[in-house]
Amino acid sequence: MRLLQNWKYATFNPFSYCMNWKRIFVWLGLVGGLMAAVPSWGQTSAFTSMERNHLRVPTPGLFADSTHFSVRFDTLSVGNYCFPLPGAKVISPYGGRRRHSGVDLKTRANDTIRCAFEGVVRLSKPYAAYGNLVVVRHANGLESVYSHQSKNLVRSGQVVKAGDALGLTGRTGRATTEHLHFELRVNGEAFNPDLVFDLQQRSLRRIELVCRKEGQRVKVEARPAAPLPQFLPPRALPSPFIKPLFFELFKPIRIMDIEKAMTEGIVFKGSKKSAPKDENKVKTKAKKKTYITGLSGSGAAKMKAEIRRKRANRHKNS
Ligand SMILES: [Zn+2]
């Protein structure tokens, strides 16, 4: 009875109840547990490591001559680059606890997604949690990934320029809102797009991107761009012995050949319309894949063998 009387006068303060220092740990544990149990908590999209790794396709010949190469973004003129979703704001950054393989950019539904740099469309198709996906292999050696489109506007094998429309923003695949999931990759490995694009200012960073192969991984580092080497006129050089050495030291920056990027390693499924009906009767593994060169079936197998042979003999010939 006395207890009841006391209770009547006691004021219950929920704040002090929750903020008891012992209970703070209980609350933290509960929230942490919940966040661990629901991986998509507060996220716009999430990919499994299998899905992320399926896009991890090495670029043939990228590290054939050297263990490193650099891409200079300071020398790119306007028109040779484009922010992938003009006017967008970042709704989810790269990395973090869920190891986000890209950055989520948002404007509105069905907004035009633009190609970052010139290149060849390596993939344009729906794929698992990525939804409608476009992967572009660029002439500068990088790859960019655009995902969750409501509609893709390009096809595999198409040559694209910076600023070309690739698709419309949507929420296909595993996405909770209309946005663009944008990735930059080198040799199949994703890195922070914020190294190349200032995502707040939506501008290109005037840096030199150094990509270094270390074992199976590629280390990417953004450096302030060094001034371009000043060439001395060859006549001013003292001896014929030093001349070749000089040019070896100041070789122009290697830029991947676009033709090479098109013919090497890019495989996509041939469209059903173009395949003749009588050829479909015999289904071989080689037939299911068509090279960009247009060869299919045993021709593609021969082509593959030819490319493999060339690749193996590359160093012997040069
Ligand atoms: Zn994302």
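Author: A nonpolar core is a set of buried Ala, Val, Leu, Ile, Met, Phe, Trp, Tyr and Cys residues joined through C-beta atoms within 7 Å, and a residue is buried if 20 or more other C-beta atoms, placed from the backbone, lie within 10 Å of its own, exposed if 12 or fewer, and partly exposed in between. The model discussed here is predicted, so that local features need pLDDT of at least 70 and side-chain atom pairs count only at pLDDT 80 or more, while totals for chains, interfaces and linings use all residues. Residues are numbered from 1 along each chain as its sequence is written.

Reader: Which residues have the most contacts inside the largest nonpolar core?

Author: The largest nonpolar core has 40 residues, and those with the most contacts inside it are V134, V135, V136, Y146 and L180.

Reader: Why is V135 called buried?

Author: V135 has 24 other C-beta atoms within 10 Å, and because burial asks for 20 or more, V135 counts as buried.

Reader: What is V135 in contact with, leaving aside its neighbours within four places in sequence?

Author: Two residues are in contact if their C-beta atoms, placed from the backbone, lie within 7 Å, and by that rule V135 is in contact with L55, R122, L123, E143 and V145. V135 itself has its place in strand β6 (residues 131-138), where a strand is a DSSP run of E with at least two residues, a helix is a run of H or I with at least four, and both are numbered from the N terminus.

Reader: Why do β4 and β8 stand at the edges of their sheet?

Author: Three strands form an open sheet in the order β4-β10-β8, with antiparallel pairing. β4 (112-114) and β8 (151-152) each have a single partner strand, so one side of each is left without a neighbour in the sheet.

Terms used: Pairing = 2+ DSSP bridges.
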